[in-house]
Amino acid sequence: MPGGCSRGPAAGDGRLWLARLALFLLGWVSSSSLTSSAPSTSSASFLASAVSAQPALPGQCPQPCECSEAARTVKCVNRNLTEVPADLPPYVRNLFLTGNQLAVLPAGAFARRPPLAELAALNLSGSSLEEVCAGAFEHLPTLRQLDLSHNPLVNLSAFAFSGSNASFSAPSPLVELMLNHIVPPDDRRQNRSFEGMVAAALRAGQALRGLQRLELASNHFLYLPRDVLAQLPGLKHLDLHNNSLVSLTYVSFRNLTHLESLHLEDNALKVLHNGTLAELQSLPHVRVFLDNNPWVCDCHMADMVAWLKETEVVQGKARLTCAFPEKMRNRALLELNSSHLDCDPILPPSLQTSYVFLGIVLALIGAIFLLVLYLNRKGIKKWMHNIRDACRDHMEGYHYRYEINADPRLTNLSSNSDV
């Protein structure tokens, strides 16, 4: 062999000894003997082939995380992570990233090679997420459960669950989506409706048409956009408890034919109108929970009371009680009849206080006006005299003309041009 690539016999013996030692430590048994005069390139290639013949090591666990390959679970909890770990093992099925400082979840945040093809449950709650970008959950073909609760989401992209282009993206595999307590502080909200932002993400491109459970509790929702549920035909469980909903007039449940539970506890509902009652009654499997709402028991409640007495849809309906007016407080709705439900013209105390305040303001304005008139009384008196004199002169002129027209001699005199 050329001199630049060959070694002496002593060097060959040393390399062969190292190779045999490595094989011994790895538990390998050599079935052939090597000559001491073999070139160094032969020993190096033999060692490389022995190393490459080892079985592949399983996916390594990210340093700040705890992994269990048997349970297919990775936990990176309260580690102050600012981004999703890049070296997640491909076997992970349950991933917990709670209590971190992620702030932003960019597009393709979970894209890996090899892909995380078995990831089915992802928990990102309490991770200080403020922005979830379009396509953040792409490349997770088996993701069925996603929890984004307890994050101050300032910007939730309309394509967060559907990919950057909803028209060409495959439907999301999500079955359960938790978005509880995601409302940001008032001073960090942008100039747009938070309810509208969430609704846009839920209905974009029919990506969530396979969704069966949706939780939107504790978000201070005042209303639900009209078509927020239009693209969720497979929904079975809808949780809206602990919001500030005052009415369900504009939201439709008609297409939720598979709905089994609807949680509306701890809201600000005062009455359910006939349209909502008819839609709820038409759902074949639904159970509705209405506890802890400030029901107003006046004449507008008559239809709802009649419906409650007949329906089996509402769970725990015997616990529903009146909150207003004061004389009806804590009366059970099922015990009421039409004679109890009248529209009392007496205003509530808060409105009475408002009218008293308005009366005081108007009285103050009147007093100021009278004071101005009093201080300018001489000028006003002179102005009134001038108007009186002007009116009197004007009326005397009219009187003189009337007298001329009334005397026929003066009339003939004025009409005869020869005189």
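Two strands are taken to pair if DSSP finds at least two bridges between them. Helices (H or I, at least four residues) and strands (E, at least two) are DSSP runs, numbered from the N terminus. The structure described here is a predicted model, in which local features need pLDDT of at least 70 and side-chain atom pairs count only at pLDDT 80 or more, while totals for chains, interfaces and linings use all residues. Residues are numbered from 1 along each chain as its sequence is written, and side-chain values use heavy atoms, with hydrogens and water left out.

## Sheets

An open sheet of 11 strands runs in the order β1-β2-β3-β5-β7-β9-β10-β11-β12-β13-β15, and its pairing is mixed. At its edges stand β1 (66-68) and β15 (314-315); each has a single partner strand, so one side of each is left without a neighbour in the sheet. Strand β13 (residues 287-289) runs parallel to β15 and is joined to it by 2 bridges. Within this pairing, V288 stands opposite V314 in β15.

An open sheet of 3 strands has the order β4-β6-β8, with parallel pairing. Its edge strands, β4 (104-105) and β8 (155-156), each pair on one side only. Between β6 (residues 131-132) and β8, which run parallel, there are 2 bridges. The bridge partner of V132 in β8 is L156. In general, strands of a sheet pair through backbone hydrogen bonds, either parallel or antiparallel.

## Nonpolar core

A nonpolar core is a set of buried Ala, Val, Leu, Ile, Met, Phe, Trp, Tyr and Cys residues joined through side-chain atoms within 4.5 Å. Buried means under 20% relative accessible area, exposed means over 50%, and partly exposed lies in between (1.4 Å probe, protein chains only). The largest nonpolar core has 84 residues, of which F110, L124, F137 and F161 touch the most other members. The elements that give two or more residues to this core are α3 (194-203), α4 (274-282) and α5 (302-310). The largest share, 6 residues, comes from α3.

## Salt bridges

A salt bridge is defined as a side-chain nitrogen of Lys or Arg within 4 Å of a carboxyl oxygen of Asp or Glu. A search of the whole structure finds 11 of them.

| Pair | N to O distance | Relative accessibility |
|---|---|---|
| E66 and R79 | 3.5 Å | E66 49%, R79 40% |
| E279 and R254 | 3.0 Å | E279 11%, R254 56% |
| R388 and D389 | 3.9 Å | R388 48%, D389 27% |

In the salt bridge between E66 and R79, E66 lies in strand β1 and R79 in the loop between β2 (73-75) and β3 (94-96), so the pair ties together parts that are 13 residues apart in sequence. E66 is partly exposed, and R79 also counts as partly exposed.

For the side chains of E279 and R254, which meet in a salt bridge, E279 lies in helix α4 and R254 in the loop between β11 (237-239) and β12 (261-263), so the pair ties together parts that are 25 residues apart in sequence. Here E279 is buried, whereas R254 is exposed.

In the salt bridge of R388 with D389, R388 counts as partly exposed, and D389 counts as partly exposed too. Salt bridges that share partners also join R72, R93 and E118 into one network.

## Nonpolar surface patch

Patches are made of residues with over 30% relative accessible area and no salt bridge; like charges are joined within 9 Å, and nonpolar side chains (Val, Leu, Ile, Met, Phe, Trp, Tyr) within 5 Å. One nonpolar surface patch, of about 680 Å², is made by F369, L370, L373, I380, W383, M384 and I387. Two or more residues of this patch come from each of α6 (349-375) and α7 (377-406). Helix α7 gives the most, with 4 residues. I380 has its place in helix α7, and at 31% relative accessibility I380 counts as partly exposed.

## Annotated regions

The unreviewed UniProt entry annotates residues 355-375 as "transmembrane region". In the model this span is 100% helix and 0% strand, and its end C-alpha atoms lie 31 Å apart. UniProt positions are given in the numbering used here, feature names are shortened, and annotations may be inferred rather than shown by experiment.

Conventions:
Accessible areas come from the Shrake-Rupley method with a 1.4 Å probe; for residues, only the protein chains shown count as cover.
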